[in-house]
Amino acid sequence: MLIILIALSSFDIVDQTIPTDGIIMLLLVCGLSNTHPVQEILIAILIYLLIQFLNHHFSWMGSGDIDIYFCLWLALDIPSLLWQTFIACVAALLYLIVAPWPKNSKIPFVPFITIGFCLTHQFQSILLPLIS
């Protein structure tokens with residue numbers, strides 16, 4: 001998962017696009033790691049489709065970011081995703097403090113998702129008990 005996330009991060013940094021092939025590879029890898037019951041997967045698919053629909057109309061974030069979060073949810077639990085998202089948002093805010101604000105007001109968020117994934121995975125024994 002980490003190698004795929006790093007590759008997707010590089011695409012997001014350079015082009016602010018995420019290749020569909022990369023999303024499919026991440027989906028396959030995360031799907032093989034899936035431990036969720038079928039009912040949860042069906043509910044997650046409905047939530048994913050609703051979020052994609054709303055995002056299409058309101059453009060809150062890149063649709064590739066939503067795809068990546070759905071893929072990662074298949075392999076992880078909710079507390080891990082919450083920590084990962086928290087760390088990604090803090091890292092993005094720190095980036096915006098240090099770097100100049102982008103002219104189009106868009107930042108590549110996949111690198112921050114990757115940072116959140118790495119740190120959450122590395123420190124899960126410390127972080128997960130804090131939220132569970």
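What follows is a guided look at a predicted model, beginning with the overall fold.

The protein chain contains 7 helices and 0 strands, and from the N terminus on its elements run α-α-α-α-α-α-α. Along the principal axes, the C-alpha trace spans about 45 × 35 × 25 Å. For 132 residues a compact globule would have a radius of gyration near 14 Å, and because the protein chain has 15 Å, it agrees with that expectation. When contacts between residues at least 6 apart in sequence are considered, 69% of them join residues at least 24 apart.

Next comes the question of covering and surface. Buried residues, meaning those under 20% relative accessible area, make up 39% of the 132 residues, while the protein chain exposes about 8,300 Å², of which carbon and sulfur atoms supply 73%.

The largest pocket holds about 580 Å³ of space, and of the 23 residues that line it, Met-61, Gly-62, Asp-65, Lys-106 and Ile-107 are the closest to its centre. The elements giving two or more residues to this lining are α3 (38-58), α4 (63-75) and α5 (78-98), with α5 giving the most, 4 residues. By class, the lining of the largest pocket has 11 nonpolar, 9 polar and 3 charged residues.

The second largest pocket has a volume of about 380 Å³, and the closest to its centre, of the 14 residues lining it, are Ile-47, Ile-51, Ile-66, Tyr-69 and Phe-70. Here α3, α4 and α5 each supply at least two lining residues, and the lining of this second largest pocket divides into 13 nonpolar, 1 polar and no charged residues.

Note on methods
Residues numbered from 1 in each chain as written. Predicted model: local features only at pLDDT ≥ 70, side-chain atom pairs only at ≥ 80, totals over all residues. Heavy atoms only, no water. 1 Å grid on protein atoms, 1.4 Å probe; cavity = no way out; pocket = protein on both sides within 12 Å on 5 of 7 lines; lining within 4 Å. Points joined across faces, edges and corners; volume = space filled by probe spheres on them. Nonpolar A, V, L, I, M, F, W, Y, C, P; charged D, E, K, R; others polar. Rg over C-alpha atoms; globule rule 2.2 N^0.38 Å. Buried < 20%, exposed > 50% of the residue type's maximum accessible area, 1.4 Å probe, protein only. Contact = heavy atoms within 4.5 Å. Areas by Shrake-Rupley, 256 points an atom, 1.4 Å probe, with all protein chains shown as cover.
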